[in-house]
Amino acid sequence: MNLIKSKKALSAEIVNIDLSKDLKVDQINFIQKAWDENLVLTFKNQKLNDPQLLKFSKYFGNLDLPAPNPYGINFSPEYPEINVISNVKEKGKPIGILGDGEATWHADMTYNEIPPKGAILYSLEVPKNQGDTHFSNMIAAYEDMPERLIKKIDGKILIHDASHNSAGQLRKGYKENADPSLTPGAKHPIIFKDPTTQKKSLFLGRRPHAYIVGMTIDESESLLNELWLHATQEKYTFTHRWQNNEVLMWKNLFVLHKRDSFDPNTRRVMHRTQISGDIRIS
Ligand SMILES: [Fe+2]
């Protein structure tokens, strides 16, 4: 097994390993260390069925069940910890979530008090040269932040919206709400300090419906715009162009991610697992 670091601000590829096989402790430790250091890991040419994807995922922690989706459907009843990310419809019914549209920058489920530690995507079928996934390194963005901006956010608390998914769709059981100060969701410090490594990172969650506690709406909107502009600069990012049969895993607390839209007449099918968090942030 070898590690090939990307030349970008985050991510590495691991080669010469078959993830469908049982992994040895030293292999798991190698991957865990590489993941901690590079935040995003990719593995090409993997042939995994659902039980193998679950087994691989569980090396890195307990798994969460998928968040409620707008359709109220469990897309993988046999393996409920697997979520299906797809635009494909069979007999007029979606086989997964998020459709073919763009998903804007976000981290997953940060509207929970204990957000997930990471997530793993496995590409079963993807269209060529579209639907790229982008990642932005929030440790690098914090470390590189102008002092005047750090002063503005030091000690500040942000509301992370629970009511919409990353495609902007309203989740089941929530209502639209025009006032961001009333957004439902966890309240987290904008600067997150990892209790293990003591490293600080920007912890932004998602931009729409966010609100910085104690500010006027205008102040909050303007500071959030400034923060998001800083956090998503190209110099902190890595773009993944998908092929079939790839595994990609990311550290959810330290990166933002987004997805490009793709041609609705193509098929994109991914299976996803999510590693439970173990840090109560707020
Ligand atoms: Fe996401």
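**Contacts, a sheet and a helix**

Visitor: Where should I start with the contacts in this chain? Take the ones between residues at least 6 apart in sequence: what share join residues at least 24 apart?
Guide: The share is 80% of those contacts. Keep in mind that this is a predicted model.

Visitor: How many helices and strands are there?
Guide: The chain has five helices and 19 strands. Its radius of gyration is 18 Å, close to the 19 Å that the globule rule gives for 282 residues, so the chain is as compact as a globular protein of that length.

Visitor: And what box do the C-alpha atoms fill?
Guide: Along the principal axes, the box is roughly 50 × 45 × 30 Å.

Visitor: What percentage of the residues is buried?
Guide: Buried residues account for 39% of the 282 in the chain.

Visitor: Let's pick a helix. Which residues of helix 2 are buried?
Guide: Helix 2 spans residues 50-58, and its buried residues are Leu53, Phe56 and Ser57. They take up an arc of only 100 degrees around the axis, which places them on the same side of helix 2.

Visitor: What covers those buried residues?
Guide: The cover includes strand 9, residues 118-125, and strand 19, residues 269-275.

Visitor: Changing topic: what is the strand order in the open sheet of three strands?
Guide: The order is 12-11-15, and the pairing is antiparallel. Strand 12 (187-189) and strand 15 (211-212) are at the edges with a single partner strand each, so one side of each has no neighbour in the sheet.

Visitor: What holds strands of a sheet together, in general?
Guide: Strands of a sheet pair through backbone hydrogen bonds, in a parallel or antiparallel way.

Visitor: Back to this one. How many bridges join strand 11 to strand 15?
Guide: Two bridges join strand 15 to strand 11, which covers residues 157-159, and the two strands run antiparallel. Across that pairing, Leu158 stands opposite Ile212 of strand 15.

Visitor: One more residue, Leu98. Which strand is it in?
Guide: Leu98 belongs to strand 7, residues 97-98.

Visitor: Why does Leu98 count as buried?
Guide: Leu98 has 23 C-beta neighbours inside 10 Å, and the cut-off for buried is 20 or more.

Visitor: Which residues does Leu98 contact, leaving aside neighbours within four places in sequence?
Guide: Those contacts are Ile85, Ala103 and Ala167.

Visitor: How far apart are the C-alpha atoms of Leu98 and Ser123?
Guide: They are separated by 15 Å, and the two residues are 25 residues apart along the chain.

Conventions: Residues numbered from 1 in each chain as written. Predicted model: local features only at pLDDT ≥ 70, side-chain atom pairs only at ≥ 80, totals over all residues. Pairing = 2+ DSSP bridges. Helix = DSSP H or I, 4+ residues; strand = E, 2+ residues; numbered from the N terminus. Buried ≥ 20, exposed ≤ 12 C-beta atoms within 10 Å, placed from the backbone. Arc of directions from axis to C-beta. Contact = placed C-beta atoms within 7 Å. Rg over C-alpha atoms; globule rule 2.2 N^0.38 Å.
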